[in-house]
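Me: Here's a model I'd like to go through with you. Can you tell me what the labels on it rest on?

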Amino acid sequence: MKTMTLPELFVTFDSSAEGLSDADVKQRHLQHGFNLLSQIPTRPWYLKLTAQFTHFFALLLWLAAGISFTIAWIDPPSHMLSIGWAIVIVIVLNGVFGFYQEYRTEKSLQALRNMLPLKVRVRRQGSEGEVLASDLVPGDIVLLSEGDKVPADLYLIVASDVWVNESTLSGESELVSADAVGSDHSKNILYSGTYVVKGEAQGLVYATGKESRYGTIAVLTQSVDSGVSHLQKEIAHISKLIALTSVVIAGSLILLSGFGDNELWKTFLFSLGVLVALIPEGLLPTVTLALAFGAQRMASKGFLVNGLSVIENLGAVTVIATDKTGTITQNKMEVAAWDEDEKHPPSQELLNAALLCNRSDGSNGDPVEQALYTFALTYTDVAQRRSEYPIVSEYPFDYHLKRMSTVHSLNGGFSIFSKGAPEVILGLCDEVMSAEGKKPIDESEHQKLIDKHDALAALGYRVIGFASRECTTLPTSREEAEAGLSFIGFIAMVDPLRDDILESVGLCHKAGIRVVMITGDHPLTAGAIGMSAGIITLITEVTTGEQLDALPPAAIKRLLHKNHVFARVSPEQKLTLITLLKEMGETVAVTGDGVNDAPALKRADVGIAMGSGTDVAKQSADAVLMDDHFATIVKGIEEGRAVYENIRRFITYMLASNLPEAVPYLLFFAFGLPLALPVPLVLAIDLGTDIIPGMALGAELPNKGLMNLPPRSRKDHILTLGVYGRAFGFLGLLSAAMSMGLFWFYLTAHGWRGESFSLDNPLYLEAVTLTFAAIVFAQIGNGLSCRSERDSLFTIGFWSNRYYWGGVVFEIGLLVVLIFVTPLSSVFGTHPFDPIYWWAVVAVMIIILAAEEIRKGIIRFIRR
């Protein structure tokens, strides 16, 4: 943007130093709108709420409830009325929870709006006053002082020692100096969303709302769609499979009835009851609870999630796109080396430059200057030294000039100290200081110094050059002050790696997770940090933002197929990288802390904001990393994997009871044998005894070795052939065989020889109750077995999941109540059986546990 003079600015924006008139403001509100971020129209809340009750699984539950009410109306003794109301309660709870989660995700844009200050000081018609920030228009004169947030993009027309923090936009932590239009300073524009750290200023507004740089990012963030979560797709997939299976089974029963003497309409109602029984009403509550347990454990580790489904996404992560500062490193600058031989104390000239050309007091100021202050404090009395060299003039750091200088009085003359980018400082120097004295900087000496700088930068250090000179008269300009300097030396700074970063990155590699570092740092520094952290092995595995612009998407994707470091990357390029990774089928976790990171955080499968970051980043992200620690991300991924496994455990557990529930009906319709498990008892298992233990499986802790496995494919469903095989072909088959075996054994042992039973026959009710109890205890064994797919129950800890054992107590308690409490026993059709058979019921659980331990042992032996 070409810099205009102050008169040109006033003409361009039809304003003046006196500000706008009220009529001007009203007219410009009509032309430019208010200083607010535009909103993309969203669905009304009532439509969002309705959607929670009309998705496929909800419709399936509504169908089940409707069938229950219909059967209860036609056949009141069926006791299906209470079952129908139970299903309706489940639907309502699921819908309310889903609506609440969707509501929370809408806070991101609100956080962007809240970053603008509520009121600002302006000058209008020659008078100063306060107005709402939303009332600002182009041409307004805004008055700013230390601590104020900048409310709109503006030109500085008056400035006094202005320093601005632009980290929320640029990602850079260093303060930026600015000056008024017409000065020799290169920066005279302030952007909305940043804030004034020091000084006072007056600015002429030139862009508001969505036209501002800040607003552009907000619009970009709104336009990013994170899509439907994998878990949502999986629940829909499972719902359809279960619905299809249930319909097929119920239809088969109706078909089989045609070969017997059963009345078709009764068979139809009976089959509908079976359909209701086979629908897993507890699926969504159990999934929600598994996610909630995971969220609670992650919160205790400093990883807060903004939505429960993100936990499952964490478990599928294949790529972590991380920034550097504070995540890989400690975000704490330290001096690592100085001058030509850091084994000796720094020279007095270098100490003077480090502490005098420095605005920090040790606790406030730029991190680099604080580190230099601490460094100087180790070798000298800083207060005394500064009193000996009182400052008389300052030329603040400028990002474009990449240097700062200070002028100090000394013995009737003046000393000038400069610091900045080494190549810039060297370009201002005519000579170099050494132990032998000053000597001219010829081509050889210049190259020697550049080589030293490159060697330090290649080690991951941030290198700063220092120079000075003395003069007898006070310089009248920056150019005069910084001419003919003598080069003093280098100070190399380092932001140390976090202590366990190597271990954490190594764990990612072992778990099949790629790590991509995306930073705004210099390529040499970024590459050195990347190698030190174990992300890359060669400096050639670094690509700059400039190189990215020249590469086609296909070439960038080739880089993204391995661990890589991207340096000098802009927010738009970061978003592009995340988009390409998702196009490659990767599940991407992204870290960020500034407004500029918000679009990438929202695009990612898992957006992770730093706890020290901006509100915008936190609200745009799916999770907040309270300690800014890369290792915590790895822990979150482990928890995500554990949650996915817990959901699979519950579904395996749930399906294991379906076969022993279905077999009695197949035998009843196919062979006319007595029904071993009436519909009310099937529902007593699905909505009663199975619910609490199944939910408790969601509290299972991550198994050892979980992070030694590669990430699962996004194409890998929860319901795999292995899950079906284990649930139906092993656990369910054992449960069905033993429960039906006890049913027939009990009948024959008590004299039954094939004659028909009435539904209230005591012997029949006792045999049915025994079957019911056998399935319940089989499920206790199944639940214990499902706590791990391949590890022994005794390895993971027999008693380690106290929630599951609480569920077992509830399960047995409910079983006893349904059998021995008369009002309920009459509703569910139970009757106490011979006490000696309780030993057989307990044996069912033991046999299943033993069989599973043998199966797991064989699998472990094969996979060695």
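This is a predicted model: local features need pLDDT of at least 70, side-chain atom pairs count only at pLDDT 80 or more; totals for chains, interfaces and linings use all residues.

Me: Why is Ile854 called exposed?

Reply: Exposed means over 50% relative accessible area, buried under 20%, and partly exposed in between (1.4 Å probe, protein chains only). Ile854 has 56%, so it counts as exposed. Ile854 sits in helix α34, residues 838–862; helices here are DSSP runs of H or I with at least four residues, strands are E runs of at least two, and both are numbered from the N terminus.

Me: What makes β8 and β19 edge strands?

Reply: Two strands pair if DSSP finds at least two bridges between them. The open sheet has 8 strands in the order β8-β23-β22-β21-β9-β18-β20-β19, with mixed pairing. β8 (303–305) and β19 (542–544) each have a single partner strand, so one side of each lacks a neighbour in the sheet.

Me: How do you know that β18 and β20 pair?

Reply: Strand β18 (residues 514–518) and strand β20 (residues 564–567) run parallel and are joined by 3 bridges. The cut-off is at least two, so they pair. Ile518 has Phe566 in β20 as its bridge partner.

Me: And how much of the chain is buried?

Reply: Of its 864 residues, 55% count as buried.

Methods:
Residues are numbered from 1 along each chain as its sequence is written. Side-chain values use heavy atoms; hydrogens and water are left out.
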